[in-house]
Number of protein chains: 2
Amino acid sequence: MSANTVYEELVSARAKLEQSSRSVQVANVLREGILAGAFLPGSRMSELEICEALAVSRNTLREAFRTLVEEGLLVHELNRGVFVRTPSESAVVDLYACRRVVECAAVSRPHTPDRLSRVVSVMRDADAAAAAEDWVALGSHNISFHIAIVALNGSTRLDTLLTPIWNEMRLVFHMISDPAAFHLGYLERNRELLEALQAGDSSAAKAMADYLDDAEHEVLAELNGRTTRHPAA
Amino acid sequence: MSANTVYEELVSARAKLEQSSRSVQVANVLREGILAGAFLPGSRMSELEICEALAVSRNTLREAFRTLVEEGLLVHELNRGVFVRTPSESAVVDLYACRRVVECAAVSRPHTPDRLSRVVSVMRDADAAAAAEDWVALGSHNISFHIAIVALNGSTRLDTLLTPIWNEMRLVFHMISDPAAFHLGYLERNRELLEALQAGDSSAAKAMADYLDDAEHEVLAELNGRTTRHPAA
DNA sequence: GCATATTTGTCCGTATGTATA
DNA sequence: CTATACATACGGACAAATATG
C-alpha cells in the first residue's frame with residue numbers, strides 16, 4: 001500500500017519525540033512533514049492512523065491539530081476532520097497583498113548594517129544551493145530571504161505573526177508544477193533587491209512591489225493552469 | 001409540509017449557532033472574559049475550576065486553552081498551567097513597533113472611500129461612547145479605530161494575523177491605572193488622523209508615527225510607575 | 001530537606017452525533 | 001434508508017511535576 005508510506009515515515013519520526021510536551025512534539029513532527037510536502041494540500045489527516053503511527057492518544061493529537069490549524073497549515077471542518085490547507089486563488093492574492101505591506105515597508109526604512117548582514121548570509125546560502133542544484137534547499141532559502149527582509153522592520157513580534165504567511169507560501173509552492181524553475185527565476189531578482197538595499201537605493205520599495213506583483217501573477221497563472229482536484233476548503 | 005417551514009428555519013438557525021464545537025465555544029467565553037478584564041494579566045487559569053464552572057471535560061478545556069495561547073491571550077508553562085499573559089515593557093515596545101509598520105503603511109496608501117467609511121463609522125461610535133461617558137466602550141472603539149486603519153491595507157489576512165496584537169493591547173490597557181483618561185486623550189488624535197486621511201494629506205504617515213510614539217511612551221511610563229507584582233511571564 | 005497534597009500531562013474506554021457509501 | 005466509519009465529547013485513571021506545609 002503506497003498510501004501507507006507517509007505513515008511509515010511518521011513511525012521513524014517517532015524516535016525524535018523526546019523532550020517538551022507531547023502535543024508540541026507531535027505538532028513539530030507534523031509541521032515538518034507538511035512543509036516538506038509529505039502531506040500535500042487537500043489531503044486528509046486521519047486521527048486514527050496518525051495516532052497509531054506516532055503512538056500518541058487522540059487527545060494529544062487533537063491538541064497538536066489545534067496548534068497547526070492556528071498556524072494556518074491545517075483547516076478544520078466540523079465533524080469531518082482536519083485537512084492540509086489548499087490555498088485558493090483569492091488566498092494567494094491576499095497573501096501577496098499582505099507581503100506587499102510588510103516587505104515594502106521593510107525595504108523603505110533606513111536599515112542597520114547588522115540586520116542587512118542576515119539578508120546577505122541568506123543570499124549566500126541560496127547561491128550555494130543553486131550551485132549544488134539543491135532545489136528544495138533553494139526554495140527554503142528563497143523564503144528565508146524574504147523573512148530576513150521582513151525582519152528589517154525591527155519587530156520580532158511581526159516576524160512571528162507572519163509565520164502562517166510563510167507556511168502557506170510553502171503550501172502554494174507545493175501546488176505549482178516546477179518549484180525549482182520558479183525559485184531559480186527569482187534568485188537573481190533577490191540579488192537585485194539586496195543590491196538596491198545595500199546601495200541605499202530609495203527605489204527599493206518600487207522594486208519590491210514589482211517583484212511581488214510578478215511573483216503573484218506567475219503563481220496565479222500556475223494555479224489557473226491546473227485542474228483543481230483537491231477537496232474544497 | 002408548509003406548516004413546518006417556520007420551524008425548519010429555526011432549526012437551521014439553531015444549527016448555525018451550534019455549528020461550532022464545544023472547545024471553540026469555551027474559547028469564546030474565556031476570550032470575552034479575559035478581554036473584559038474578568039481575568040487580569042498574570043492570574044492563573046485553573047483547569048479544575050473552569051471545568052466545573054463551564055461543565056466541560058478537561059480535554060475540551062485544554063483544546064480551548066491551546067487556541068487562546070496561540071492567540072496570545074494566555075501563556076502556557078509546562079507542568080504549571082496557563083496564565084493570562086502579562087505584557088512586559090519590551091513586549092509593549094515591540095507591539096508598537098509592529099503597529100507602526102502596518103498602520104503607517106495603511107495611511108500612506110491611496111484609500112478608497114468605502115473603506116474609509118468604516119473608519120468614519122467607528123469614529124462616530126467612539127464619539128457616542130465618550131458622550132455617554134461609557135469608558136469601557138470608548139476603549140473598545142479606540143482599538144476598533146486602529147483595526148479599521150489597518151484594514152485600509154486591503155488584506156483581510158493581515159487583519160486576522162494582527163488579532164493577537166489587539167488582544168495584547170487590551171491586556172496592556174488592563175494594566176494601566178486609568179484607561180478611561182488614556183482613551184479619552186486619544187479620541188481627538190484619532191479625529192485628527194481621520195481628517196488628515198479624508199483630506200488626502202500626505203503627512204498622515206508622519207502623524208501616525210507621532211501618534212504611536214506618544215502612546216508608546218505614555219504606556220511605558222504607566223508600566224514603569226507600577227510595581228510589577230504579577231508573576232513573570 | 002522532606003513528605004504530602006495539588007495540579008498537570010497523558011492515555012484509555014465509551015457513548016453520542018455526524019457524514020458518507 | 002441503512003450501515004459503516006469517523007469525529008466529538010465525556011469521565012476515569014495514573015504517572016510526573018509542582019506547590020505547600
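H5(A) goes past H7(A) in a left-handed crossing, meaning that the near helix is turned anticlockwise from the far one by less than a right angle. Keep in mind that this is a predicted model, where local features need pLDDT of at least 70 and side-chain atom pairs count only at pLDDT 80 or more, while totals for chains, interfaces and linings use all residues. Residues are numbered from 1 along each chain as its sequence is written, and chains are lettered from A and ligands numbered from 1 in the order in which they are written.

**The helix pair H5 and H7 in chain A**
- H5(A) and H7(A) (residues 135-151) pack at about 60°, and their axes are 8 Å apart; axes are lines fitted to C-alpha atoms, for helices over the stretch in contact, with angles from 0 to 180 degrees between N-to-C directions.
- That makes the two helices oblique to each other, since under 35 degrees counts as roughly parallel, over 145 as roughly antiparallel, 65 to 115 as roughly perpendicular and the rest as oblique.
- On the H5(A) side you'll find A:Val102, A:Glu103, A:Ala106 and A:Val107, which meet A:His146, A:Ile149 and A:Val150 of H7(A); contact means C-beta atoms, placed from the backbone, within 7 Å.
- Sorted by class, this contact has 5 nonpolar, 1 polar and 1 charged residues.

**The sheet in chain A**
- Here's an open sheet of 3 strands in the order E1-E3-E2, with antiparallel pairing; strands pair if DSSP finds at least two bridges between them.
- E1 (44-45) and E2 (74-77) of chain A stand at the edges with a single partner strand each, so one side of each has no neighbour in the sheet.
- E2(A) and E3(A) (residues 81-84) pair over 4 bridges, and A:Leu74 has A:Val84 in E3(A) as its bridge partner.
- H4(A) packs on the sheet, touching E2 and E3 of chain A, and its direction makes about 115° with that of E2(A).
- Helices (H or I, at least four residues) and strands (E, at least two) are DSSP runs, numbered from the N terminus.

**Where chain A touches chain B**
- Chain A puts 24 residues into the contact and chain B puts in 25 residues.
- The largest share of chain A's side, 7 residues, comes from H5(A).

**Around DNA strand C**
- Of the 17 residues around DNA strand C, the nearest are A:Ser21, A:Arg22, A:Thr60, B:Glu47 and B:Gly81; near means a C-beta atom, placed from the backbone, within 6 Å.
- The surface near DNA strand C has 3 nonpolar, 10 polar and 4 charged residues; Ala, Val, Leu, Ile, Met, Phe, Trp, Tyr, Cys and Pro count as nonpolar, Asp, Glu, Lys and Arg as charged, and the others, Gly among them, as polar.

How values were computed:
Two residues are in contact if their C-beta atoms, placed from the backbone, lie within 7 Å.
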